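Hi there,

Here is the structure I promised to pass on to you. Have a look at it first, and then read my notes below.

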Amino acid sequence: MKDGIATKIGLRRKFSIGIIVIVLCVAAAIIILGTRLYRNSIMERYTEMAYNVTQTSIDFYTDEEIDHYVELAQGYVDGTVDKATLDAEMQTDRYAQVKGLIRSMRANMRANDIFLCVIDLDMLNSYDEEKTAAGEWNPICYIMDNYQKEEEDLGFGDRSTVLPEYIDVVNQIYETGERPDTYVISHGRFGSNTTAMIPIVRDGKTVALAAAEIPMETLAADTKAFVIQITIIGLIVTLVLLWIGMFIITRTMINKILYISSEAQRFTEDNKVIEYKLEEIQSNDEIQTLSESLLKLEIGINEYIDNLTRVTAEKERIGAELNVATKIQADMLPRIFPAFPGRKEFDLFATMDPAKEVGGDFYDFFLVDDDHLAMVMADVSGKGVPAALFMVIAKTLIKNRAQMGGSPSEILGFVNDQLCEGNEAELFVTVWLGILEISTGKGMAANAGHEHPVIRRAGGDYELVEYKHSPAVATLEGIPFREHEFEMFPNDELFVYTDGVAEATNANNELYGTERMINALNNNKDKGMDNLLHALKKDVDEFVGDAPQFDDITMLGMVYYGPDVNSDPDE
């Protein structure tokens, strides 16, 4: 019972934590999103108000007055107008009247600053921290300034610095002649401000800027109040949902699951004893289905354990026998290279990689007599033990019949008739059989439904040799097999293979194909026949990747040096 109680508390805690985490995540997302939207809404409202104030300040001037003031200020920046002229302009009644109107508006709107100015663009774009600190970098030349503290107003022609974050915005305004598409927030001694800047444009060119800074006094307070309100609501919702969820889950699920868990734990401790208490759960839902399934599982496990003991012993026996069969099959294929160390006229190399413990592919090569070399590449239909047994018979028949003499067609005709007898499993084998006359390089080949061979002439590239096939061996008794003449010249190379190479498939169900095979051969030519076959197998493996090998991969390569070779060809 103590273990059961501990498990019950643990499960309830997991559900509680899960619900709390989910609700808190949702609440946090709502708070973050809501706060961002709320803050952006306030900032946009302040910014629009700043633009309205700025436009109203512009409307206090006539166009002629603005043009006149801009001309004087620009002249002062260029050095063609002196400060005394600007001071005289400031003393006019009209200048004082407009300044008073703007000051009154600034006070009513509680703006920090409203001003009209021209920008020294050359100075603006040569920002220097040291000059700024020394008070020597002042791109702004004021026409009229109305600051929060009247005694700190700057007069006509007075200069001041620009906040670095304004440089790009000011350049954008002068280039486009339009108000910027983003608002600019600055922080000064009077708190956060949103700054609105409207260009004064003449003949498509920005000649001055009107600007206003509006303090966002309520932004922080309003945002904090909004966050507190949303957080309180989220906590209340979290607690309510947690209580309701735990009450429902405990009554309908947790108690019954704990009961099932207790029964499962009891069975794991003593799986020989089956009780039928799980039948007591009658909830008419998935939990009842789970309890019934667990009871069936307990009964099945007991039966499975007994069967597994017998099957494991049988599998171990079969595995041991397959290991022996694999070794026997491998030993049947010639695997010692060089295969004919006393013969310098040619060289051979072959490999075979079965898809299962034993395979249906096989290769062979042997001397029929001192002047004739037989080469075999074959592929039995199917895989595994049946194909391996058929392969042993086919290989033995082909070699025995070939050593008795005869052409490839006669050999395959004999083997075909022998394999057709009693072939109730309806297995067949595709075969490429070639017999080369070593002294002349001339040969005869028969292809019984097998892959096309590949030949590389001396100094050239590997090329596929295509011709009509005969039917596969063991398909129909008494059928004839076509023969094809071929001729090998000194340093020519021959490559034969099974369909496991061209039909190797990757995880995307793409075939390796003969085109990739030919490319891989040509990319590794002149490396020796053993290195060539290993490089091709590596290329196939890289193409297939993690996909399983579905077919045996068997390859044989032969290089013909010619009858006049008396020394090692590598020397």
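The lining of the largest cavity is made up of 8 nonpolar residues, 2 polar ones and no charged ones. In this count Ala, Val, Leu, Ile, Met, Phe, Trp, Tyr, Cys and Pro are nonpolar, Asp, Glu, Lys and Arg are charged, and the others, Gly among them, are polar. A cavity here is a set of points, on a 1 Å grid over the protein atoms alone, where a 1.4 Å probe fits but cannot get out, and lining residues have an atom within 4 Å of a point. The structure holds 1 cavity of 30 Å³ or more, and the volume of the largest cavity is about 40 Å³. That volume is the space filled by probe spheres set on the points, with grid points joined across faces, edges and corners. Among the lining residues are Ser-57, Tyr-61, Phe-115 and Asn-146. Strand E1 (113-119) gives the largest share, 3 residues, while helix H1 (2-59) and strand E2 (140-147) each supply at least two.

Before we go on, please keep in mind that this is a predicted model: local features need pLDDT of at least 70, side-chain atom pairs count only at pLDDT 80 or more, and totals for chains, interfaces and linings use all residues. Residues are numbered from 1 along each chain as its sequence is written, and side-chain values use heavy atoms, with hydrogens and water left out.

Now to a sheet. Helices (H or I, at least four residues) and strands (E, at least two) are DSSP runs, numbered from the N terminus. Five strands form an open sheet, in the order E7-E16-E15-E12-E13, with antiparallel pairing; two strands pair if DSSP finds at least two bridges between them. At the edges are E7 (346-353) and E13 (462-464), each pairing on one side only. Strands E12 (residues 454-456) and E15 (residues 492-497) run antiparallel and are joined by 3 bridges, and Arg-456 stands opposite Glu-493 in E15.

Helix H13 (residues 513-523) lies across E12, E13 and E15, at about 160° to E13. Such angles run from 0 to 180 degrees between N-to-C directions, with axes fitted to C-alpha atoms, for helices over the stretch in contact.

Leaving aside neighbours within four places in sequence, Asn-522 is in contact (heavy atoms within 4.5 Å) with Asp-461 and Tyr-462.

Best wishes

Definitions and conventions. On a 1 Å grid over the protein atoms alone, a cavity is a set of points where a 1.4 Å probe fits but cannot get out, and a pocket is an open set with protein on both sides within 12 Å along at least five of seven lines; lining residues have an atom within 4 Å of a point.
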